[in-house]
Amino acid sequence: MGAYVLNGVEIPHDEEGYITDLGNWSKELAVLIAKDENIEMTDEHWEVVNFLREYYEEYQIAPAIRVLVKAIKKSLGKEKGNNKYLYELFPYGPAKQACKIAGLPKPTGCV
Amino acid sequence: MASEADKPEAEGAEGGGAEVTKKFLYVNRKAPYGTIYALESLEVVLIGAAFEQDVSLAFLDDGVYQLTKNQDTKGIGVKNFSPTYKALGDYEVTKLYVEKESLAERGLTEADLMEITYEDEDDDWAEKPSIRVVSREEMAEIMAEQDVILSF
């Protein structure tokens, strides 16, 4: 257990770094979590993070990686909806890492 | 249980590959809240979907309440997970059998259930309904066809 510190405020996370209260998320926090993961947020990163947040909003789950790939292919095209592109953005697993940055729980069914 | 003639072969029909697809049925009999069964079942389905088996879900008894629309859990302080059933199509889980008698015994009809659809890859991604209301007799046949049944 630990916490991210953003502008002097502690935001608790679980042992893997996922924030425990989804209501605490902000874009600033996302940048901070990303830095912790050695990721510099670009427009391409945001596109995936925003996509995940919308998916969660609609279905109340963080999608498994293959579902994420398929859904991104459908809405953003096949140049982006593939494992290679997503792993380049999020080298330690697009679903896991992007979900963490997006302030969502760990994806259900993600190995 | 002597059915007509068209019982599909579970194995071998695909041309002898090493992989065997089994028919899995998840049976849901409990109301969505009050116990953890409904949510646990749904999570197992989502996780199990990665193994690409032939998955169906059955809803009977109070389990039919899991699919009712306009669920509101504010008063009981738990998460309303009913929108997640709509993601099942993304996980290629496209057969949600609901027993007609169980609906009727609770004063419900298909119109009280959420609209849950999937996109049919083999039909130009046409949107099709995932919920299929079946009679008790049909449900018994569906169960008889399965290789694995998991009860929740």
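**Two chains, piece by piece**

Mentor: Start with Trp125(B), which has 11 C-beta neighbours inside 10 Å and therefore counts as exposed. The cut-offs: buried takes 20 or more other C-beta atoms within 10 Å of a residue's own, exposed takes 12 or fewer, partly exposed lies in between, and C-beta atoms are placed from the backbone.

Trainee: What is the phi of Trp125(B)?

Mentor: Near 60 degrees, a positive value in a residue other than glycine. Most residues other than glycine have a negative phi. Trp125(B) lies in the loop between strand E4 (117–120) and strand E5 (126–129) of chain B. Helices (H or I, at least four residues) and strands (E, at least two) are DSSP runs, numbered from the N terminus.

Trainee: Before I go on, what are the ground rules?

Mentor: This is a predicted model, where local features need pLDDT of at least 70, side-chain atom pairs count only at pLDDT 80 or more, and totals for chains, interfaces and linings use all residues. Residues are numbered from 1 along each chain as its sequence is written, while chains are lettered from A and ligands numbered from 1 in written order.

Trainee: Which residue of chain A has a positive phi although it is not a glycine?

Mentor: Asn38(A), at about 60 degrees. Asn38(A) sits in the loop between helix H1 (27–36) and helix H2 (43–59) of chain A.

Trainee: Is Asn38(A) buried or exposed?

Mentor: Exposed, because Asn38(A) has 9 other C-beta atoms within 10 Å.

Trainee: What about the rest of chain A?

Mentor: Chain A has five helices and two strands. From the N terminus they run β-β-α-α-α-α-α. The radius of gyration, taken over C-alpha atoms, is compared with a globule rule of 2.2 Å times the number of residues to the power 0.38. Chain A comes out at 13 Å, close to the 13 Å that the rule gives for 111 residues, so it is as compact as a globular protein of that length. Its C-alpha atoms fill a box of roughly 40 × 25 × 20 Å along the principal axes.

Trainee: How many residues of helix H5 in chain A are buried?

Mentor: Eight of its eight, across residues 94–101. Among them are Lys96(A), Cys99(A) and Lys100(A). The buried residues of H5(A) pack against H1, H2, helix H3 (65–76) and helix H4 (83–89) of chain A. After H5(A) comes Gly103(A), with a positive phi near 80 degrees.

Trainee: Back to chain B. What's the layout?

Mentor: Three helices and seven strands. The pattern along the sequence is β-α-β-β-α-β-β-β-α-β. Of the 152 residues, 26% count as buried.

Trainee: Which residues of strand E3 in chain B are buried on each side?

Mentor: Leu96(B) and Val98(B) on one side, Tyr97(B) and Glu99(B) on the other.

Trainee: Which strands pair with E3(B)?

Mentor: Strand E2 (54–59) pairs with E3(B) in the parallel sense over three bridges. Leu57(B) has Leu96(B) as its bridge partner there. Strand E6 (131–134) is also parallel to E3(B), over four bridges. In E6(B), Val134(B) partners Glu99(B). Pairing requires at least two DSSP bridges between two strands.

Trainee: Last one. How many residues of each chain are in contact across the interface?

Mentor: 13 residues of chain B with 11 of chain A. By class, the chain B side has eight nonpolar, one polar and four charged residues. Contact means C-beta atoms, placed from the backbone, within 7 Å. Nonpolar is Ala, Val, Leu, Ile, Met, Phe, Trp, Tyr, Cys and Pro; charged is Asp, Glu, Lys and Arg; the others, Gly among them, are polar.

Terms used. Contact = placed C-beta atoms within 7 Å.
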